[in-house]
Amino acid sequence: MLDLLNDLLWGKVLIAVLIGLGLWFTVGSRFVQFRYFGRMFRILGANQAFSKDQHGHLSSFQALMLSVAGRVGGGNIAGVAVAITLGGPGAIFWMWVVGLIGMATSYFECTLAQAYKKAEPDGTYRGGPAHYIARGMGAKWGWLAALYSVLLLLTFGFGFTALQSYAVATSFEDAFGIPVLATGAVLAVVIGVILFGGVKRIAKVAEVLVPIMAVGYLLIALAVIVLNLEQIPGVIALIVKSAFGLEPAIGGGIGAAILLGVKRGLFSNEAGLGSAPNVAAVAYVPHPANQGIVQAFSVFIDTLILCSCTAFIILLGTVYQPGVATDIGGVALTQASLAGHVGEWGRIFVSIALMLFGFTTIIYNCYLGENSLSYFSDQNRPLTTTYRLVAVGLCGWGATTDLGTVFAFADVTMGFLALANLLALAVLFKPGLRIMRDYDEQIAAGIEAPVFDAKRFADLDIDPEAWEIEPEDLARNARARLQPA
């Protein structure tokens with residue numbers, strides 16, 4: 001039954017809905033992910049992206065790193081290898097396409113999460129799909145917000161926390177012979193220390209660890225590309241030709257290439273699932289669109305950069321041959337391919353990368369679980385403490401248990417989670433466009449750093465305490481709006 005539901009949700013319904021809505025958001029926003037691609041770097045390059053406000057809220061960069069920690073995981077290493085072996089090299093092309101489309105979806109869900117975020121007494125923000133469903137869609141949709149929160153807790157807070165723990169422990173055992181029980185115990189202690197420090201400590205860990213792991217994996221992939229520079233045009237041509245069935249030696253055919261590429265892209269970048277908006281909402285930014293633009297970039301990092309790293313490592317190697325059956329798949333294919341480029345230490349490098357990706361994903365999943373509870377009970381310390389203890393226990397238990405059935409169940413709940421979020425995005429598309437146009441107008445007026453005046457959007461039931469922008473900034477922007485462009 002679980003396999004049947006997974007096949008229906010992820011093989012048919014969600015592929016159509018995610019791509020359809022992604023295209024609608026892309027065209028309706030006048031290709032916002034491309035219009036503001038350069039601004040992604042300007043926002044992250046500004047001092048404001050790394051600084052916190054006077055209340056100690058998280059910075060835009062910290063929120064980005066926390067979301068990348070969740071998006072980047074084992075799927076970037078093992079999942080891409082599976083897509084290539086089952087769908088051929090053409091799957092990578094369709095993975096790129098769905099990543100570019102998903103950037104628009106991520107922009108809107110994270111912009112809405114910022115707009116409808118709620119200020120907490122402890123100097124943090126809370127937000128995400130449950131909040132923009134409840135506040136944006138109205139009281140009659142409260143049941144959907146509650147359902148989303150429950151699904152988020154079951155999927156990420158419980159299911160994927162245990163599963164990622166298992167992936168990290170088995171990776172350590174394969175690479176270094178360390179028993180899974182020992183890894184699970186250490187993992188539980190470390191995760192506990194991070195979790196009980198709250199979201200600010202979680203963000204600090206992600207801020208340091210995510211760039212290290214992402215840049216390290218990117219550098220090894222660049223080294224492989226440099227070593228095989230003359231083969232790059234041929235590999236790119238192979239990817240494009242295979243995507244359209246023009247390469248005869250592809251066992252999976254064009255249908256398999258499209259299906260596997262789309263599924264890999266959707267699973268990896270999480271655009272539309274509603275997970276990343278829970279993190280996007282915690283940042284202090286002057287305008288919701290700022291974080292929407294930044295979060296669109298996190299999809300680019302995950303799919304267009306890091307997934308492509310794995311693809312080039314495999315396709316530039318000799319272990320995988322298009323159209324030729326192989327017994328090696330998943331992470332073993334990535335390990336063998338890298339070892340063929342740089343030597344046997346490449347296998348250990350992949351295991352360490354998988355461990356780091358999995359570790360940061362556990363931190364992210366635990367935060368999502370905790371955030372899901374906040375919708376039901378604000379600042380309920382006993383409830384939060386209980387969840388953190390359960391999450392620590394899941395890390396230890398999951399490391400020693402093969403959770404195949406749990407994985408299938410979590411995939412089903414994640415499918416329904418995505419449907420709930422996508423329904424909300426479709427309903428709230430017009431408010432999202434309105435917020436985007438406010439940002440566009442300020443940019444057109446020559447304002448380099450647009451600010452969000454919550455009073456102009458009072459009809460949207462936005463929490464004014466979450467948007468305490470400095471009066472002089474609001475006054476400066478108001479004057480700029482009155483001046484001809």
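Mentor: A residue counts as buried when its relative accessible area is under 20%. Please keep in mind that what we are looking at is a predicted model.

Trainee: Okay, so is T361 buried or exposed?
Mentor: T361 has a relative accessible area of 5%, which is under 20%, and therefore T361 is buried.

Trainee: Where does T361 sit, and what is it in contact with?
Mentor: T361 belongs to helix 17, which covers residues 345-374, and, if we leave aside its neighbours within four places in sequence, T361 is in contact with A69, G70, V72, G73 and Q164.

Trainee: Switching topic, how many residues are in the largest nonpolar core?
Mentor: The largest nonpolar core has 149 residues, and the ones with the most contacts inside it are Y132, I191, Y217 and I462. Helix 15, residues 288-315, gives the most to this core, with 17 residues.

Trainee: What does I191 touch, then?
Mentor: Setting aside neighbours within four places in sequence, I191 is in contact with F359, I362, I363, C366 and C395.

Trainee: And how do helix 6 and helix 7 cross?
Mentor: The axes of helix 6 (residues 78-87) and helix 7 (residues 90-115) come within 8 Å and cross at roughly 125 degrees, so the two helices are oblique to each other.

Trainee: Which residues make that contact?
Mentor: Helix 6 contributes V80, A83, I84 and G87, while helix 7 contributes A91, I92 and M95. Sorted by class, the contact of helix 6 with helix 7 has six nonpolar residues, one polar residue and no charged residues.

Note on methods: Residues numbered from 1 in each chain as written. Predicted model: local features only at pLDDT ≥ 70, side-chain atom pairs only at ≥ 80, totals over all residues. Heavy atoms only, no water. Axes fitted to C-alpha atoms, helices over the stretch in contact; angles between N-to-C directions. Helix = DSSP H or I, 4+ residues; strand = E, 2+ residues; numbered from the N terminus. Parallel < 35°, antiparallel > 145°, perpendicular 65-115°, else oblique. Contact = heavy atoms within 4.5 Å. Nonpolar A, V, L, I, M, F, W, Y, C, P; charged D, E, K, R; others polar. Core = buried A, V, L, I, M, F, W, Y, C linked by side-chain atoms within 4.5 Å. Buried < 20%, exposed > 50% of the residue type's maximum accessible area, 1.4 Å probe, protein only.
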